[in-house]
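This report covers one protein chain.

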Amino acid sequence: MILPVIPAFAGTTGKNICPDFPVCFDRGVAMKTARVLLASCLPCLFLMAGLAHADGPVATVRVAFDRQGITSVQTEGFADKAIVRKVTADDPVRIASISKMVTAIGVMRLVEAGKLDLDADVSSYLGWKLRNPTFPDVPITLRLLMSHRSSLTDEAGYWQTPLGEPLRDILDNPHAWDARHAPGTYFRYTNLNYPVVAQVMERVTGERFDRLVQQLLLKPLGIDACFGFATCDDAIAARVIVLYDGNGKPVMDDNHGHRPACPVRPARDGSCDLAVYRPGENGALFGPQGGLRISGIGLARIGMLLLNDGTLDGMQLLKPASVQAMATPTWEYNGHNGLTYEWDDADHQGSFFCHWGMGLQILATQVDGCRDDPFGDGVARVGHSGTAYGLQAGVWLDREHGIGVVWIATGMPEKRVGGRSAFSGVEEKLARGK
């Protein structure tokens, strides 16, 4: 086989990219020698190909669908650059805050089963009184938690608390609360809301959150996905998409094709025995706010479920009224009744959050100061965005016309750049399918 001579990329040497083969890309190497060296350097060449567009995403996935099924799939780039594995729409990825939408669907299933009431004081489920210390007489409900109007904040932390430690330690911290706004009066996108929601789910069922979502949603829909990795099989864990930051550095799920040694945040002594975990103690353990690993195809199936008013493949998982309750606005920005950005996000991109339901964001808000329309067509859509560890993702549903889209981009910068909306230019391109 005769291999072509590949000239060096401008400004790049073989030594920089392929230190084991420092002359692979020398322009002056002889043809005969180049054939031998290139045979040894093929992995580097493929890696170079993956880095050729270093100013763009490492990987993108776009899945379009309607009420009947998938209508188009587009993929580009690498799920894992180190082994030159091309990304596919079946590869799971840590989908960040889109996890909240999936958690919310689980809540609605428990509401329909009579185990939860959206407007009950969650203290009755938790077994202790949950209150904003500044407003001790105002009860906090699932409806407020799921619509980010609970008055909780992320200033005391929200990430996965270690195995063996209670979530209540964070909730008892005064910094976890907004001292200026009573529950129900102000929108503040807060990750901590969803660990509380998950803890409530565990308390009323006695089941671990990750297993519960498998039972309520993922297994009935035939979706290979998991919160954390404890309920994913080895094959799915091996195919997870590595998350890279804007500089192409791996920052999450760089597992080298193996299941992580610990599927949750280990105890402070380093131990990881999930058998000691008591459901209802630490709702943050499995990352209900952002820890779901799911593929673009899997997300599209959840989108189809919502487009079909809770029915998919002839199976009804939710009543139409439950889907409508999630999509019904609970808050709309009026200039002073909430924050339009995520408090702890390095982006601090204002005008991103302007309209909210329960577990669902609503797009294309026609209010001054709002730029929440990545599609640029003014059409109202519901869904959720996800942003973390170099990922920018979204699942958006046009319920009136019965169509939806999922997009995933990795290797993205911390700030959303290049767009005319509050979304990034890459997301706007994926929204339009161009």
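What share of the contacts in the chain with a separation of 6 or more comes from residues 24 or more positions apart? The share is 65%. The model is predicted. The chain holds 12 helices and 16 strands. It has 434 residues, and 54% of them count as buried. The accessible surface of the chain comes to about 18000 Å². Carbon and sulfur atoms hold 51% of that surface.

**Salt bridges**

The count is 15 salt bridges.

| Pair | N to O distance |
|---|---|
| Arg 131 and Asp 121 | 2.9 Å |
| Arg 381 and Asp 377 | 3.0 Å |
| Arg 168 and Asp 172 | 3.5 Å |

Take Arg 131 and Asp 121, whose closest N and O atoms are 2.9 Å apart. Arg 131 has 18% relative accessibility, so it counts as buried, the cut-off being under 20%. Asp 121 has 23%, so it counts as partly exposed.

In the bridge of Arg 168 with Asp 172, Arg 168 is partly exposed, with 34% relative accessibility.

Salt bridges also form a network. Its members are Arg 85, Asp 91 and Arg 239.

**The largest pocket**

How much space lies in the largest pocket? The volume is about 920 Å³. Its lining has 41 residues. Arg 94, Tyr 158, Met 252, Ala 388 and Tyr 389 lie nearest the centre of the pocket.

Which strands each supply at least two residues of the lining? They are strand E7 (250-252), strand E14 (382-388) and strand E15 (391-398).

By class, the lining splits into 17 nonpolar, 14 polar and 10 charged residues.

Terms used:
Residues are numbered from 1 along each chain as its sequence is written. This is a predicted model: local features need pLDDT of at least 70, side-chain atom pairs count only at pLDDT 80 or more; totals for chains, interfaces and linings use all residues. Side-chain values use heavy atoms; hydrogens and water are left out. A salt bridge is a side-chain nitrogen of Lys or Arg within 4 Å of a carboxyl oxygen of Asp or Glu. Buried means under 20% relative accessible area, exposed over 50%, partly exposed in between (1.4 Å probe, protein chains only). On a 1 Å grid over the protein atoms alone, a cavity is a set of points where a 1.4 Å probe fits but cannot get out, and a pocket is an open set with protein on both sides within 12 Å along at least five of seven lines; lining residues have an atom within 4 Å of a point. Grid points are joined across faces, edges and corners, and a volume is the space filled by probe spheres set on the points. Helices (H or I, at least four residues) and strands (E, at least two) are DSSP runs, numbered from the N terminus. Ala, Val, Leu, Ile, Met, Phe, Trp, Tyr, Cys and Pro count as nonpolar, Asp, Glu, Lys and Arg as charged, and the others, Gly among them, as polar. Contact means heavy atoms within 4.5 Å. Accessible areas come from the Shrake-Rupley method with a 1.4 Å probe; for residues, only the protein chains shown count as cover.
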